[in-house]
Amino acid sequence: MKQDQAGLYIHIPFCLSKCGYCSFYSIKSVNLIPEYIAALKKEIIYYRNVFSSFDTIYIGGGTPSLLTPAQLSDIFTAIDKNYKIDADSEITLEANPGDISLKYLKALRTIGISRLNIGIQSFDDKVLKFLGRRHSGQEGIAAIEAARKAGFYNLGIDLIYGVHGLRMKAWQNTLLKALSFRPEHISCYQLSLYSNTPLYKKYDSNNWRLPDEKTELKLFLTTAETLKNAGYIHYEVSNFARKDNLKSRHNQKYWRHVPYLGLGPAANSFLDNKRWWNKSTVKTYLKYILCGKMPVENTESLSAEQLQLETLFLGLRTKHGIDIKNYQTRFGVDLFSVKGAIIDRLIRNNILELKNGFLCPTEQGLAIADSLALI
Ligand code: SF4
């Protein structure tokens, strides 16, 4: 991976319905899509003197697969006019299984989408209904098969575990079903409950609980072992790739403080130790762009201390870990002289390990990655 090439994220904040567990902002007013694309094209131009080239583009959401190939092509034309896009760029689109036909997927290939990430979540209709997804298990399978037929050889799928009533055996069967398609990338997310979601209220009113710590750990380690035995590399808490070059190049930029530009409501950008983020609603975003104003909500300059904390937090969520020499060069701090005692203890407890000058989490460490940030 080229460390210094920036990535571009384009946010598509439209969803036809709201999934029960989702706390992300999105709206159902798909009639606004043409106006939204016109605004995005203006925002694309704003940054042409700040960023010059990208080697990853990630179209995320929301539901990017609600856009027609012509609308996506329109966005790409605007990007190509203003930035240099490397020939071997990773260009990802997030897709909802219910939206994608073979014809649609073939059209995506033609406009240069090289990587497809499908929000499968489960193959079980009962689980999908419970989560409030608007597709069936069969539609998920059909979407994967159509993606292969259309020529997508870099295919990612997302799955959710830790769902009420989904026993370990049923989750293992979901994994085996997913593996039968040999996707290049699998993301397995443990269900989280956010207080502003219908699923949170459902759990609350039924007095249901998320899996306890012990079950959570068992689910995590079983997932990791099943995918590892099938030849996948567990390279981040929730992410697995079949080969090194099939890890998400775009997401790795976020974890390594590589510059990125995010366009659309609530999108974040990072450059020269500065982070800025956009107005969060479509309405305000459109209003600002229409008046010729940057839709930026706020900017923060990260202090050396914040950057060090983020480097620890993000680095210890990845198998790659933290490059100890690089940490010292970047921050003028020897990690061992300030945190030697706790690091030694975590190494003794099989939570961290030292490998070729990198401080890395073990599988047990990845399972508790969030608390590792506190070292
Ligand atoms: S499709 Fe994705 S972004 Fe939209 S509501 Fe469902 S989980 Fe949220």
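Student: Which residue of S12 does Trp 277 stand opposite?
Tutor: In this predicted model, Trp 277 stands opposite Asn 298 of S12.

Student: What makes S11 and S12 a pair of strands?
Tutor: A pair needs at least two bridges. S11 and strand S12 (residues 296–301) are joined over five bridges, in the antiparallel sense. The count meets the cut-off, so S11 and S12 are counted as paired.

Student: How many bridges join S10 to S11?
Tutor: Strand S10 (residues 268–271) and strand S11 (residues 274–278) pair over four bridges, again antiparallel. Ser 269 is placed opposite Trp 276 of S11, and Phe 270 is placed opposite Arg 275.

Student: Where is Asp 272, and what is its phi?
Tutor: Asp 272 belongs to the hairpin of S10 and S11, which has two residues between the strands, and its phi is positive, near 50°.

Student: Which peptide bond is cis?
Tutor: The bond from Gly 61 to Gly 62 is cis, with omega near 20°. Most peptide bonds are trans. Gly 62 is found in the loop between strand S2 (53–61) and helix H2 (69–82).

Student: What makes Gly 61 and Gly 62 part of the ligand shell?
Tutor: The cut-off is a C-beta atom, placed from the backbone, within 6 Å of the molecule. Gly 61 and Gly 62 are listed around the ligand, together with Cys 15, Lys 18, Cys 19, Cys 22, Phe 24, Ser 26, Thr 63 and Asn 96.

Student: How many residues of that shell are nonpolar, polar and charged?
Tutor: Four are nonpolar, five are polar and one is charged.

Student: At what angle and axis distance do H1 and H2 pack?
Tutor: H1 and H2 pack at about 10°, with their axes 9 Å apart.

Student: Why is H1 called roughly parallel to H2?
Tutor: Angles under 35 degrees count as roughly parallel. The angle here is about 10°, and that makes H1 roughly parallel to H2.

Student: Which residues of H1 and H2 meet?
Tutor: Ile 33, Ile 37, Leu 40, Lys 41, Ile 44 and Ile 45 of H1 meet Gln 71, Asp 74, Ile 75, Ala 78, Ile 79 and Asn 82 of H2. The contact of H1 with H2 has eight nonpolar, two polar and two charged residues.

Student: Why are H1 and H10 described as oblique?
Tutor: Helix H1 (residues 33–46) and helix H10 (residues 282–290) pack at about 55°, with axes 10 Å apart. Roughly parallel requires an angle under 35 degrees, and roughly perpendicular begins at 65. H1 and H10 are therefore oblique to each other. The crossing is left-handed. H1 contributes Glu 35, Tyr 36, Ala 39, Lys 42 and Glu 43 to the contact, and H10 contributes Val 282, Tyr 285, Leu 286 and Ile 289. These residues divide into six nonpolar, no polar and three charged.

Student: Why do H6 and H8 receive the term roughly parallel?
Tutor: Helix H6 (residues 168–179) and helix H8 (residues 213–229) pack at about 30°, with axes 11 Å apart. The cut-off is under 35 degrees, and H6 and H8 are therefore roughly parallel. H6 passes H8 in a right-handed crossing. Met 168, Trp 171, Gln 172 and Leu 175 of H6 meet Leu 219, Thr 222, Thr 223, Thr 226 and Leu 227 of H8. By class, this contact has five nonpolar, four polar and no charged residues.

Student: In what order do the strands of the open sheet stand?
Tutor: The order is S13-S15-S14, with antiparallel pairing. Strand S13 (322–323) and strand S14 (352–355) each have a single partner strand, so each is an edge strand with one side left without a neighbour in the sheet.

Student: What makes S13 and S15 a pair?
Tutor: S13 and strand S15 (residues 358–361) are joined over two bridges. The cut-off is at least two, so S13 and S15 count as paired. Ile 322 has Leu 359 as its bridge partner in S15.

Student: Which helix lies across S14 and S15?
Tutor: Helix H13 (residues 335–348) does, running at about 120° to S14.

Key. Residues numbered from 1 in each chain as written. Predicted model: local features only at pLDDT ≥ 70, side-chain atom pairs only at ≥ 80, totals over all residues. Nonpolar A, V, L, I, M, F, W, Y, C, P; charged D, E, K, R; others polar. Contact = placed C-beta atoms within 7 Å. Axes fitted to C-alpha atoms, helices over the stretch in contact; angles between N-to-C directions. Parallel < 35°, antiparallel > 145°, perpendicular 65-115°, else oblique. Left-handed = near helix turned anticlockwise from the far one by under 90°.
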